[in-house]
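Reader: I would like to learn how to read a protein model, one feature at a time. Where should we begin?

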Amino acid sequence: MLTQVFQREKKALLFLACIAFSLINCDKDPSSDSEKILSFISKPSLAMYGDSIVASWPSEEQLSEFNTYRFATPGIDTTKILSYVQNDKNRYDACLYEGGINDFLGNYSPSQSQVDATIDRQIQSIQILQTRCNHVFALNLWNIKFPWPSLAVAMITATMKERVQFVPRIDTELLITDDMLTDGNHPNRNGYLILSNAVGDQIRPYFPILYLNGPEN
């Protein structure tokens, strides 16, 4: 019932917005700026925080039903990701956290205490995101290959499953296979599509507006 009410109200707001923009832009091509604005305001916002995985994510194409904002730089560790989270004061409909590999570059025999410190920073970031995002999701790490820190990643994933249970977690080690990686770590286009589908499947149920015209492919 609440979903039906939400859908009716959303349709009414979008209808009124269409009329307003049509009147304001009556001398313009109807497929121009007003339609772009309406498309933008009808989409939920998705902020994505992470390292090169997020930085290279073709989210505008593969998660096009969301307005995506990426806070990510190749090579950064969880300390820097935490600073991105702390410095961004905006609110979002949904937020995704990813990171941890770069904490262990060149470290092929990490200790559990080192892994725990990484998870502590992940948790700190996620808890901050919970204060400004309506929905928060964590992305764990898939199996990577040498010379990437494969042991550390396996330990991070195992520890995340133990300690990051307070938000939905997208487990990727069974989703991303070797043929989806370009260098033993970074996904290729198909790998990103698999990730995007998994993220979309987690997030879409929270936003009935996405189903007014049917889910996008």
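Reader: Take Tyr 92: does this residue count as buried or exposed, and at what relative accessibility?

Author: The model is a predicted one. Burial is read from relative accessible area, and buried means under 20%. Tyr 92 has 6% relative accessibility, so it counts as buried. Across the protein chain, buried residues make up 45% of the 217 residues.

Reader: What pattern does the protein chain follow along the sequence?

Author: The chain holds eight helices and five strands. Read along the sequence, the pattern is α-α-β-α-α-β-α-β-α-β-α-β-α.

Reader: How many aromatic pairs are there, if rings pair when their centres lie within 6.5 Å?

Author: The count comes to six aromatic pairs. For Tyr 69 and Tyr 92, the ring centres are 5.6 Å apart and the planes stand at 45°, so this pair is tilted. Tyr 69 belongs to strand β2 (residues 67-72) and Tyr 92 to strand β3 (residues 92-97), so the pair ties together parts that are 23 residues apart in sequence. Tyr 69 is partly exposed, with a relative accessible area of 31%. Ring pairs also link Tyr 49, Tyr 69, Phe 71 and Tyr 92 into a cluster.

Reader: How are the rings of Tyr 108 and Phe 146 placed?

Author: Their centres are 5.3 Å apart with planes at 40°, so the pair of Tyr 108 and Phe 146 is tilted. Tyr 108 sits in the loop between β3 and α6 (112-130), and Phe 146 in the loop between β4 (133-139) and α7 (150-163), so the pair links distant parts of the chain, 38 residues apart. Tyr 108 is partly exposed at 42% relative accessible area, and Phe 146 counts as exposed at 65% relative accessibility.

Reader: What is the peptide bond from Phe 146 to Pro 147, cis or trans?

Author: Most peptide bonds are trans. The bond from Phe 146 to Pro 147 is cis, with omega near 15°. Pro 147 is found in the loop between β4 and α7.

Reader: Which residues does a disulfide join here?

Author: A disulfide is a pair of cysteine sulfur atoms within 2.5 Å. The structure holds one disulfide, and this bond joins Cys 95 to Cys 133 with an S to S distance of 2.0 Å. Cys 95 is in strand β3 and Cys 133 in strand β4, distant parts of the chain 38 residues apart. Both Cys 95 and Cys 133 are buried.

Reader: Why is the disulfide of Cys 95 and Cys 133 called left-handed?

Author: The handedness is read from the torsion about the S-S bond. For Cys 95 and Cys 133 that torsion is about -65°, so the disulfide is left-handed.

Reader: How far apart should the ends of α7 be?

Author: Count 1.5 Å a residue: the 14 residues of α7 should span 20 Å, and the end C-alpha atoms are 20 Å apart, which agrees.

Reader: Which residues of α7 are buried, and what do they pack against?

Author: An α-helix has 3.6 residues a turn, so residues three or four places apart point the same way. In α7 the buried residues are Ala 152, Val 153, Met 155, Ile 156, Thr 157, Thr 159 and Met 160. These buried residues pack against α6, β4 and β5 (169-170).

Reader: Which residues does Ile 170 touch?

Author: Ile 170 is found in strand β5, and at 5% relative accessibility Ile 170 counts as buried. Leaving out residues up to four places away in sequence, Ile 170 touches Leu 96, Ala 138, Leu 139, Asn 140, Ala 198, Val 199 and Gln 202. Ile 170 and Leu 139 are 31 residues apart in sequence, and their C-alpha atoms are 4.9 Å apart in space.

Reader: In the largest nonpolar core, which residues touch the most other members?

Author: That core has 52 residues, and Trp 57 and Leu 96 touch the most other members. Elements that each supply at least two residues of this core include β1 (45-50), α5 (78-87), β3 and α8 (189-203). Not counting residues up to four places away in sequence, Trp 57 touches several residues, among them Met 48, Leu 96, Leu 139 and Val 199.

Conventions:
Residues are numbered from 1 along each chain as its sequence is written. This is a predicted model: local features need pLDDT of at least 70, side-chain atom pairs count only at pLDDT 80 or more; totals for chains, interfaces and linings use all residues. Side-chain values use heavy atoms; hydrogens and water are left out. Rings of Phe, Tyr and Trp (its six-membered ring) pair if their centres lie within 6.5 Å; planes under 30 degrees apart count as stacked, over 60 as edge-to-face and the rest as tilted. Helices (H or I, at least four residues) and strands (E, at least two) are DSSP runs, numbered from the N terminus. Buried means under 20% relative accessible area, exposed over 50%, partly exposed in between (1.4 Å probe, protein chains only). The expected span of a helix is 1.5 Å times one less than its number of residues. Contact means heavy atoms within 4.5 Å. A nonpolar core is a set of buried Ala, Val, Leu, Ile, Met, Phe, Trp, Tyr and Cys residues joined through side-chain atoms within 4.5 Å.
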